[in-house]
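The points below cover the ligand site and then a sheet.

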Amino acid sequence: MCGIVGYLGSGNSVNVVLEGLSRLEYRGYDSAGISVQDAKGNLVIYKKEGQLLNLRKVLEKENPLSSIAIGHTRWATHGAVNDTNSHPHGNSEIAIVHNGIIENSGVLKKELLSEGRVFHSETDSEVFLVLVTKEYERLKDFKKAVVEAFKQLRGNSAFVVMRKGGNEIISLRRSAPMVCGLNVESHELFVSSDPYALIGFADKLFFPENEVVCHLHDGKIDFYELDGSVSNRVVQKEQQMSLDVADKGGFEHFMLKEIHEQPKLIRALGNYYITGEGQSTLKKVENIKKNRMHITGCGTAYHAGLVIKNYLETINRHPVNIELASEFRYKNPILHKDDLAVFITQSGETADTLASLELCQELGMATLGIVNVEGSSIYRKAKENLLIKAGQEIGVASTKAFTLQALTGYFFSKALGKALDDKSIYQEVNLLADRIENLLHDTDKIKAIAEKIYQHKGFIFTGRGVYYPIALEGALKLKEIAYVHAEGYAAGELKHGPIALIDDNMVNIAIVGPELHEKTFSNVEEVKARRGIIVSLGSEKDEALKKISDHFIGLNFDGLNHLSPLYVNVANQLLSYYMAKFKGTDIDKPRNLAKSVTVE
Ligand code: M6R
């Protein structure tokens, strides 16, 4: 996690770094900071707990001017969220920013303390600062000092370092994202954890491999190996991304705007894969060897993977293994080089998903990304990609990305079954968009239910079969933005334990769709018998369900077939959104979270 931006050039570094950081707040918003040089070359650090806005206020007052700066937006891993633990960390000689985790920081800190070195923060990152300072004192060579300090660290990290009086920046990484940038005309130099921060600034991008030292100085960037020899392990690219201008379009929150964008995006994705440019990628993917398929992802992307697994198994009768990426990467999974590995991700930067991809690549397997962000790490590394074309998703709670990930998986499954040109798919996709549109036209009912239930003690989302992943996703969304305890359960599992939680303060959000209707209905009766509060999502024609429920969300499932889970999910998105709104939480930037989880 954490966003990093560094700048060296003729412009005002503070403006560039602040603009870059504002684009990287999705990586964390616990605090933000910047280090600059004053007119005498001395290092000055400004840092503030909370969102970037707080740092901006400080800088507006102080108005520093400098041609060199490094900045950071933090998602705390080690040490509380406060000003002291914010980055940059620095002293009179050196300033550093860090993204990642130093796994042996405890041991190193002990050693450094025993040598009389002083620490001010509780962070692992400060260990690197103290090590660089120590090595700089010993070697009197900035670049060598950074390298020697880096060599002592374990874990995946990226660092950017500047020094007092020096017109140079050094950056290096181990399995954490980093890109350097050059503006060819002005010779301005940049470094960041994401090329997105450099759009409009740098036209040439350099992606260093692991443990390549990047030396930004005198209008150019030199790359070295850790032994000091020149490195060519750098991928050079032109900047092709364009800046999406994010505005709420009249909605109160990005999340609500993104929920409302879904019908339009669903239709557009249908056009793209059924008759448009996406067809050719699907054709390529169809022909990849896939003895077995493995799907991985995290959070909401994993839930979309569960929906896709259902498609591949029911439509194609293809065996699919699905794992959370954080489990997959460490479990020594049973893989074969003729298997296909599928990675689902909105950002394309999630550390565990990326590491899982690297693991599969090492084994020579074919890899497929189902990705939103074109140009992201996973997009660049996967052999093939199916884009979900969701546009920028700003709300930390993923909504439209889930729908479009699952829908892309549906097109993939249909393409494998040679049924993508079937006219009925068009109809199904348009019907899904229409039904979601209807739901969004009239949200008052869901809002009213949210108001009645948001203060209850706990929420159990239940569903069977294709609706089970939707129960999991519903619960994740609710806890994420409304800060209430919620669990997703397969409805049939209730009586194996969680039913003990049911009383008149516990809400069961029961998805009772057409599939396995009678079985799921019985589960609702069991909860009702124990005085649980029932909020059901079922067919609008289902009078029995309506009668037994305390609150009923009537839906029209007719003709939606395999796509009905995506429809129900939108009702859950709205329910969570309104409950969070009644609770008054920070919906677009919920506490403790980051949009993109780039540490494991
Ligand atoms: O960018 P990714 O799709 O790889 O992110 C995966 C999860 O971190 C993400 O879906 C997370 O669970 C969302 N905040 C859920 O709304």
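This is a predicted model. In it, a backbone N or O atom of Ser-398 lies 2.8 Å from an oxygen atom of the ligand. Taken alone, the ligand exposes 420 Å², and the protein buries 91% of that.

**Contacts with the ligand**
- Around the ligand there are 14 residues. Those that come nearest are Thr-345, Gln-346, Ser-347, Thr-350 and Glu-480.
- Ser-347 places a polar side-chain atom 2.6 Å from an oxygen atom of the ligand.
- Glu-480 has an N or O atom in its side chain 2.5 Å from a nitrogen atom of the ligand.

**Pocket and shell**
- The ligand takes up the space of the second largest pocket.
- Two or more residues of the shell come from helix H9 (299-314), and likewise from helix H16 (468-482).
- H9 supplies the largest share of the shell, three residues.
- By type, the shell residues divide into five nonpolar, seven polar and two charged.

**The sheet**
- Six strands form an open sheet, in the order E5-E6-E7-E8-E12-E13. The pairing is antiparallel.
- Strand E5 (89-90) and strand E13 (220-224) stand at the edges. Each has a single partner strand, so one side of each is left without a neighbour in the sheet.
- Strands of a sheet pair through backbone hydrogen bonds.
- Strand E7 (residues 157-163) is joined to strand E8 (residues 168-174) by six bridges, and the two run antiparallel.
- Val-160 stands opposite Ser-171 in E8.

Methods
Residues numbered from 1 in each chain as written. Predicted model: local features only at pLDDT ≥ 70, side-chain atom pairs only at ≥ 80, totals over all residues. Heavy atoms only, no water. Near = heavy atom within 4 Å. Polar contact = N/O pair within 3.5 Å; in protein donor to acceptor, adjacent residues only side chain to side chain. Areas by Shrake-Rupley, 256 points an atom, 1.4 Å probe, with all protein chains shown as cover. 1 Å grid on protein atoms, 1.4 Å probe; cavity = no way out; pocket = protein on both sides within 12 Å on 5 of 7 lines; lining within 4 Å. Sits in = over half its atoms within 2 Å of the grid points. Helix = DSSP H or I, 4+ residues; strand = E, 2+ residues; numbered from the N terminus. Nonpolar A, V, L, I, M, F, W, Y, C, P; charged D, E, K, R; others polar. Pairing = 2+ DSSP bridges.
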